[in-house]
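Please open the structure in a viewer and keep the sequence at hand.

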Amino acid sequence: MDVFKYVVYEQVEEVGMDKWIAAKEPTDFIDEIVIVVYKEGHVPADVLEDLNKADLPAELKGLSRHMADTQSKIAQRKDKRSSEVTMKQNIVGEDNVVVLNTNKRDRRTLEQIQKDMLENGGDMKRSRFD
């Protein structure tokens with residue numbers, strides 16, 4: 001497209017020394033292209049707007065992506081907090097519910113565990129199956 005615009009501008013400059021603006025017009029067909037050449041000052045506003053439209057720099061794209069990620073994380077945190085509060089309210093409301101697995105870790109040392117096993121006579125494992 002840029003090469004074609006260069007050719008159009010080159011031909012237009014041969015016609016006169018005025019400044020010209022070439023713009024691609026939309027068409028109904030894929031294989032057809034219409035280039036309209038306007039004299040500077042007679043260009044419609046919508047064509048100028050399309051010509052002046054540019055891609056955002058990578059920094060702005062990254063910033064907008066970061067903002068969107070941050071907002072989604074905040075929303076996820078709020079949802080998680082609200083679901084936790086709802087779950088706690090449901091648990092507190094029922095009398096026959098017992099909270100399990102709150103103390104998962106055994107903080108004793110190996111020596112203490114071995115001492116406890118020797119004091120019990122090694123019957124700890126057998127008592128579980130009885």
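Helices (H or I, at least four residues) and strands (E, at least two) are DSSP runs, numbered from the N terminus. This is a predicted model, in which local features need pLDDT of at least 70 and side-chain atom pairs pLDDT 80 or more, while totals for chains, interfaces and linings use all residues. Residues are numbered from 1 along each chain as its sequence is written, and side-chain values use heavy atoms, without hydrogens and water.

Next, select I21, which lies in strand 1 (residues 20-25). Is I21 buried or exposed? I21 is buried because its relative accessibility is 17%; buried means under 20% relative accessible area, exposed over 50%, and partly exposed in between (1.4 Å probe, protein chains only).

Move to helix 3 (residues 58-93) and select R81. R81 counts as exposed because its relative accessible area is 53%. Also in helix 3 is M67, which is partly exposed, at 43% relative accessibility.

Finally, colour the chain by buried residues, which account for 8% of its 130 residues. Among contacts (heavy atoms within 4.5 Å) between residues at least 6 apart in sequence, 20% join residues at least 24 apart.
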